[in-house]
Amino acid sequence: MATGENKYSDSELVARIRGGERELFSVLADRYKGMLYRTCMGYLHNSDEAADLTQEIFLQAYLSLSGFRGDSSLSTWFYRIAVNAALNRIRQYRRSPFLNTNGSISKGQGKDAGQAEAEIPDFDDPETILIRDEHRIWLGKLLDTLPDSQRTALVLSKYDELSQKEIAEIMETTESAVEALLIRAKRNLRERIGAGLQKKNQKERRKK
Amino acid sequence: MECKSCRENLEAYRRGDLPEGMITRVKSHLLLCRDCDDINRLEILADRIIDSAGEALPGSLSTGAIMEYISKHAASGTERPGRVYSIIRPLLLAGSVAAALFAGILIGDLYTGNARLQPEPEELSLLNDSELEQVFSLSDE
């Protein structure tokens, strides 16, 4: 990919790609792959599955680029495709759990399903602990207990570090609605963590 | 300080966004309350997991690999239809629904029409309207 193409704005690139220079889509892929991969990790918590989904998102975007009207920014458009693709993938995993290779998606949705499965991992010193797969699986299952809208708001806020305004645009809702979703999501997670800890402590007491 | 209040302020405490007095209160509570301290540490762990999510892109996400994936799968598929199709499609759907309704009404009407053309039952054919009039004229006498 020639470095010259990097100076073009998103809208210029889209116009040229639509005009027949399809190979320029690689510039968009390079520009947005990191962003979309992080979003997918927020939903799937598995590197291989997130990479696989990111490729599919780019394919969808490539095939439907003629449908991009320019009402929103290209990044917003990419995020919308990513959120829909990720939620569809999660629903697919819930229907067929064997597809979810690392087990990070609960078989059912809702606090009871996740709470039963999201066992608290080791956390003696969270600052220095080496992040392992079991930690990602724990967080994945925890996030899986949230309703889709709360989860999406939280992923876009924490993984993609987007502002409430940007999240509202992606989710096609208001900023105050996003704020409410984030408050509820964080409260729900805190409650689940608290419940998980209680369960862990009870288990330890029984062992003694 | 109550646990509920402490937990609600943990995120702000970690970011350093609390006033000095509140920081001291949260800190003191965390030293005394094991449950709140555990929750704080788990939330720190969650933040670390999130921060590490996009640290290194896997090899399958090189730009070349993405474009190869697109070439492989887009060759068999077609581009999504453009704006003209997105206008025609709903019109075609509406037309199909209208045609189905019209066909249903037509068939129903034909069925009812056929029912009217059926020969009248034998019993009714024995009745003669003109004879009925004669009965009335007899009754006048």
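Is Cys6(B) buried or exposed in this structure? In this predicted model, local features require pLDDT of at least 70 and side-chain atom pairs count only at pLDDT 80 or more, whereas totals for chains, interfaces and linings use all residues. Residues are numbered from 1 along each chain as its sequence is written, chains are lettered from A and ligands numbered from 1 in the order in which they are written, and side-chain values use heavy atoms, with hydrogens and water left out.

Cys6(B) is buried, its relative accessible area being 0% (buried means under 20% relative accessible area, exposed over 50%, partly exposed in between; 1.4 Å probe, protein chains only). Its sulfur lies 4.4 Å from the closest cysteine sulfur, that of Cys36(B), which is too far for a bond. Cys3(B) counts as partly exposed, at 30% relative accessibility.

The largest nonpolar core comprises 86 residues (a set of buried Ala, Val, Leu, Ile, Met, Phe, Trp, Tyr and Cys residues joined through side-chain atoms within 4.5 Å). Among the residues with the most contacts inside this core are Trp138(A), Leu139(A) and Ile70(B). Beyond its neighbours within four places in sequence, Leu139(A) is in contact (heavy atoms within 4.5 Å) with His45(A) and Tyr159(A), and with Ala46(B), Ile49(B) and Ile50(B).

His45(A) occupies the loop between α2 (25–44) and α3 (47–63) of chain A, helices being DSSP runs (H or I, at least four residues) numbered from the N terminus. Phi of His45(A) is near 55°, a positive value in a residue other than glycine, and His45(A) is buried at 3% relative accessible area. Glu161(A), in the loop between α7 and α8 (164–171) of chain A, also has a positive phi, near 55°. Glu161(A) counts as exposed, at 64% relative accessibility.

The structure holds 2 cavities of 30 Å³ or more. A cavity is a set of points on a 1 Å grid over the protein atoms alone where a 1.4 Å probe fits but cannot get out, and lining residues have an atom within 4 Å of a point. The largest cavity has a volume of about 220 Å³, a volume being the space filled by probe spheres set on the points, which are joined across faces, edges and corners. Of its 15 lining residues, the closest to the centre are Lys158(A), Lys186(A), Leu189(A), Glu43(B) and Asp47(B).

Conventions:
1 Å grid on protein atoms, 1.4 Å probe; cavity = no way out; pocket = protein on both sides within 12 Å on 5 of 7 lines; lining within 4 Å. Disulfide = S-S within 2.5 Å. Helix = DSSP H or I, 4+ residues; strand = E, 2+ residues; numbered from the N terminus.
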